[in-house]
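The structure is a predicted model.

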Amino acid sequence: MQPWLTVVGIGEDGFKGLGKHARRALLGASRIIGGQRQLDLLPVCIRGERQLWPSPFSLAPVLEHAGEAICVLASGDPMFFGVGASLSRQVPAEQMLILPAPSSCSLAAARMGWPLQDVVTLSVVARPVAALNAQLFSGVRLLVLSNDRSSPAAVAELLRERGFAPSRMTVLEHLGGEAERRIDGVAADWAVADIADLNVIAIECRAEPGTARLSRLAGLADSAFKHDGQLTKRDVRAITLARLAPIPGELLWDVGAGSGSIGIEWMRAHPSCRALAIEADDGRQALIEHNRDALGVPGLQLIRGSAPHALAGLERPDAIFIGGGVTRDGVLDGCWAALKPGGRLIANAVTLQSEMTLMAWREQHGGELTRIHVAQAQPLGEFDTWRQALPITLLDVTKPFDA
């Protein structure tokens, strides 16, 4: 089948910057769909019907005319945070031809003299700026696709709040066009207001002395989270996450999420990891919302309610952590039934009753039981002694593929 859909990446240099295949596709198209800025770059010799994307955004104008000679215009590389990625989920690859232009991040890296493979790229286009929090490490270079002219000021404010005020910022406007401009500054005193909507922010991250180190490995300090005491403590959390073993693209249910620490650290393990935090308490729900933004995973989804009722209709998970409520009727059974074959279920118990529940569960379904004892040295008069935390019983069971 010949492609009926052509996705053309177009830069600030407009039609003159396109290759012959892109020009030929546009000249032969019966319908051309794009944003106003992209459509305005086309010359009058392009005769196809021009159509704006609807608001709110939808792929309907393309899908409703499948089979026609359609061109979609996109900025730069359509497969880099662009409409090409959305279309590729709906249109078979053999029916679509993608003709990319240099992405804004490629152009920004060229202007900055930064090897692109050594740079972290991310987008705040219709996405929370809080996602940057997971990428802030001294010495790291970031390229951020802005949502609009307000994004640089929002990014500078976030950098100041997180202890990265000395970071150098460069805003690059209208890359590749006649109006291209570069603005350099420092987050600490960033006050530039006259910025174009179309911009990319280049950031050289520099931390203030004493700024907390937030590793991507499991086991952040307890102080990294706001909590009311319902928090899986650091050492137990590291062991629990090692057993959960996050893999890119997998989904976790954090049942009885408390302050959200397990789901948050699961998502920090890889940008494509996802998590649902199931929590009934209003105060703890607010803590989860704060912690997920502060630690750079605003995509963590909060499910307000109690298990097992709150689990109904949720996407089946690859892994489940039950931090509380294992003695409640239907929680373990509901989680086990929803878990994908080959998935991991980890449950922690502190009380004798919850421990007995896990022991009975192991008799039915197998798995491993581990007792975790953690003691810390604390003062006792003029000397130090070990203070034992409450022991934790951990159940680790993998669901058989034939279950």
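**Overall architecture**

The protein chain contains 11 helices and 19 strands. Its C-alpha atoms fill a box of roughly 80 × 55 × 35 Å along the principal axes. The coordinates come from a predicted model, and the points below are grouped by topic.

- The protein chain has 403 residues, of which 44% count as buried.
- Among contacts in the protein chain with a separation of 6 or more, 64% are accounted for by residues 24 or more positions apart.

**Packing of H7 and H8**

- Helix H7 spans residues 234-244 and helix H8 spans residues 261-268; the two pack at an angle of about 55°, and their axes are 11 Å apart.
- An angle that lies between the limits for roughly parallel (under 35 degrees) and roughly perpendicular (65 to 115) counts as oblique, and H7 and H8 are therefore oblique to each other.
- The crossing in which H7 passes H8 is right-handed.
- On the H7 side, the contact is made by Arg237, Thr240, Leu241 and Leu244; on the H8 side, it is made by Ser261, Ile262, Glu265 and Trp266.
- Sorted by class, the contact of H7 with H8 comprises four nonpolar, two polar and two charged residues.

**Packing of H10 and H11**

- Helix H10 (residues 331-338) packs with helix H11 (residues 352-365) at an angle of about 40°, and their axes are 12 Å apart.
- H10 and H11 are therefore also described as oblique to each other.
- H10 and H11 form a right-handed crossing.
- H10 contributes Leu332, Asp333 and Trp336 to the contact, while H11 contributes Thr357, Leu358, Trp361 and His365.
- The classes represented in the contact of H10 with H11 are four nonpolar, two polar and one charged residues.

**Nonpolar cores**

- The largest nonpolar core has 27 residues, and the members that touch the most other members are Leu244, Leu252, Trp266 and Leu300.
- At least two residues of this core are supplied by each of H7, H8, strand S12 (274-279), strand S14 (319-322) and strand S19 (392-398).
- H8 provides the largest share of this core, namely four residues.
- Apart from this core lies another core, of 25 residues, which includes Ile322, Leu339, Leu345 and Ala347.
- Two of the residues named for the largest core, Leu244 and Trp266, also take part in the contact between H7 and H8.
- Leaving out residues up to four places away in sequence, Trp266 touches Leu241, Leu244, Ala245, Pro246, Glu250, Leu251, Leu252, Cys273, Arg274, Ala275, Ala319 and Arg344.

**Cis peptide bonds**

- Ser55 and Pro56 are joined by a cis peptide bond, with omega about 5°.
- Pro56 belongs to the loop between strand S3 (49-52) and helix H3 (60-63).
- A cis peptide bond also runs from Ala307 to Pro308, where omega is near 10°.
- Pro308 is located in the loop between strand S13 (301-304) and S14.

**Positive phi at non-glycine residues**

- His174 is not a glycine, yet it has a positive phi of about 45°.
- The position of His174 is in the loop between S8 and strand S9 (181-186).
- His174 counts as partly exposed because its relative accessibility is 22%, and buried means under 20%.
- Ala245, likewise not a glycine, has a positive phi of about 55°.
- Ala245 lies in the loop between H7 and strand S11 (251-255), and Ala245 is one of the residues touched by Trp266.
- With a relative accessibility of 33%, Ala245 counts as partly exposed.

- Pro166 sits in the loop between helix H6 (151-161) and strand S8 (168-173).
- Pro166 counts as partly exposed because its relative accessibility is 31%.
- Pro166 and Cys205 are 39 residues apart along the chain, and their C-alpha atoms are separated by 7.7 Å.
- Apart from its neighbours within four places in sequence, Pro166 is in contact with Val186, Arg206, Ala207 and Glu208.

Technical notes
Residues numbered from 1 in each chain as written. Predicted model: local features only at pLDDT ≥ 70, side-chain atom pairs only at ≥ 80, totals over all residues. Heavy atoms only, no water. Axes fitted to C-alpha atoms, helices over the stretch in contact; angles between N-to-C directions. Parallel < 35°, antiparallel > 145°, perpendicular 65-115°, else oblique. Left-handed = near helix turned anticlockwise from the far one by under 90°. Contact = heavy atoms within 4.5 Å. Nonpolar A, V, L, I, M, F, W, Y, C, P; charged D, E, K, R; others polar. Core = buried A, V, L, I, M, F, W, Y, C linked by side-chain atoms within 4.5 Å. Buried < 20%, exposed > 50% of the residue type's maximum accessible area, 1.4 Å probe, protein only.
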